[in-house]
Amino acid sequence: MTCDEAKILLHALLDNELDAGHAREVEAHIAGCPACAAELAAQRDMKRVLSDANLRYTAPDRLRARIEASLPQPQRQSLSRRSVLRGFAMGSAVSALAASGVVAVVLRQDDQQRVLSEVVSAHLRSLQAGHLTDVISTDQHTVKPWFNGKLDVAPPVIDLTAQGFTLVGGRLDYIDARAIGAVVYRRRQHVINLFVSQTSNTEYRAPKTETMQGFNCRRWGNRGLNFWAVSDIGADELAEFVDKFETAMKANVEG
Amino acid sequence: MPGTDDLQKAQRFREAALPYLDDVYTLARYLLRDASDAEDAVQECYLRALKHFDSYRGPAMKPWLFAILRNVCNAEYARRAHSHAAIEDTPGAAEQTPMWQETEASPETEVLRSRDAGAIRKLIDALAEPFKETFVLREINNLSYREIAEAVGAPVGTVMSRLARARAMLRAAWMAEEEHSR
């Protein structure tokens, strides 16, 4: 092997890119050649100094954001609402009155979205150690009186253990800057928070399921009360819970 | 509005290509020596990569992205060559031989002093192409010789000789600077 060959191959040796046969050949040459041995030592030294230094660059966040933004994006709900507004702003045939009606609807939706996010936050808070219940009892006759005097409304507390949802207790919580009752159930290892607040609207509003941050939230209104049931159980099980609850409550009222 | 296929493809692309953003950006910084040019080039690289993602057959994502980035950067070089202002500060043009020359190795081995990353980056920046990109791909982006050959579209033998020359030039420049600062 010539020195010219060795001066190239010694890099492959340093980088562990040579097969055993070639590695032996290069090593044999270096053993008998002080110049190539010095070059190998010099390059090994430089590699060491280089590996100590951080020579990489970190991509700025705005570049990441720019690339993300250039990828096809799933259509977001907030976007579609905004485009509804934009459509009205541009449609000259639409009267201002009708437009303001739409604005009210849009705002109400945003409001509901905000309350939903507060409900989910309250659910998350409740899962932290020691936050789940203020009163622990599987007995509805213990939980229900506990709420007395603490709220302007008496949340219905119904034992659903026989139906597969165990009552574990109650708690005071705050949603939309108001004190509100939370009745806590358990389904297997999953917690269900049932938030109850008073409303001036006595109309029945059918249950609707929404999803936020991986939690299902089923919301409905009945007898002047707003209900939000929040849990990480599946949407079908949560719907089952709400059905059982409503059925039991109806029986309580009529019975 | 994007269809489901597009969204799924975008998601697959995100998972496959975005983890290498820092690697691609690092190479772009060394090749273009300018932060905002590098950002533009990397964005263009990802756009092109997404466009050709359907025909991507692997095996390694990193060399594939680097190959695309090189094409983008070559277009940028061409643009700079046309713009008058850019000519003066573009190194690596054939007529600009570096002030250090590859020296015959002296038998005694001098140990290099550790330098801060900024000073080393400057030394690497000053290397001529195609030696610089080979060096960066190997030493900073940690590609194997075969992957470098794939990314730059040259035989492995060429990669080896370029790398040897790049390291010899870098060490010579490094030592010249130490000499100078003494």
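**Ground rules.** I am working with a predicted model, where local features need pLDDT of at least 70, side-chain atom pairs count only at pLDDT 80 or more, and totals for chains, interfaces and linings use all residues. Residues are numbered from 1 along each chain as its sequence is written, chains are lettered from A and ligands numbered from 1 in the order written, and side-chain values use heavy atoms, leaving out hydrogens and water.

**Entry one: the contact.** I looked up who touches whom, with contact meaning heavy atoms within 4.5 Å. Chain A brings 38 residues and chain B brings 53 residues.

**Entry two: the area.** Together the two chains bury about 4200 Å², 61% of it on carbon and sulfur atoms; buried area is the accessible area (1.4 Å probe) lost on being put together, summed over both parts. I noted that A:Leu55, A:Arg56 and A:Tyr57 supply 18% of what chain A buries against chain B, more than any other three residues.

**Entry three: charges.** How many salt bridges are there between chain A and chain B? I found 10 salt bridges, each a side-chain nitrogen of Lys or Arg within 4 Å of a carboxyl oxygen of Asp or Glu. One of them joins A:Arg64 to B:Asp22, with the closest N and O atoms 3.8 Å apart.

On chain A's side, helix H1 (3-14), helix H3 (34-52) and helix H4 (61-70) each supply at least two residues. H3(A) gives the most, with 11 residues. Helices here are DSSP runs (H or I, at least four residues), numbered from the N terminus.
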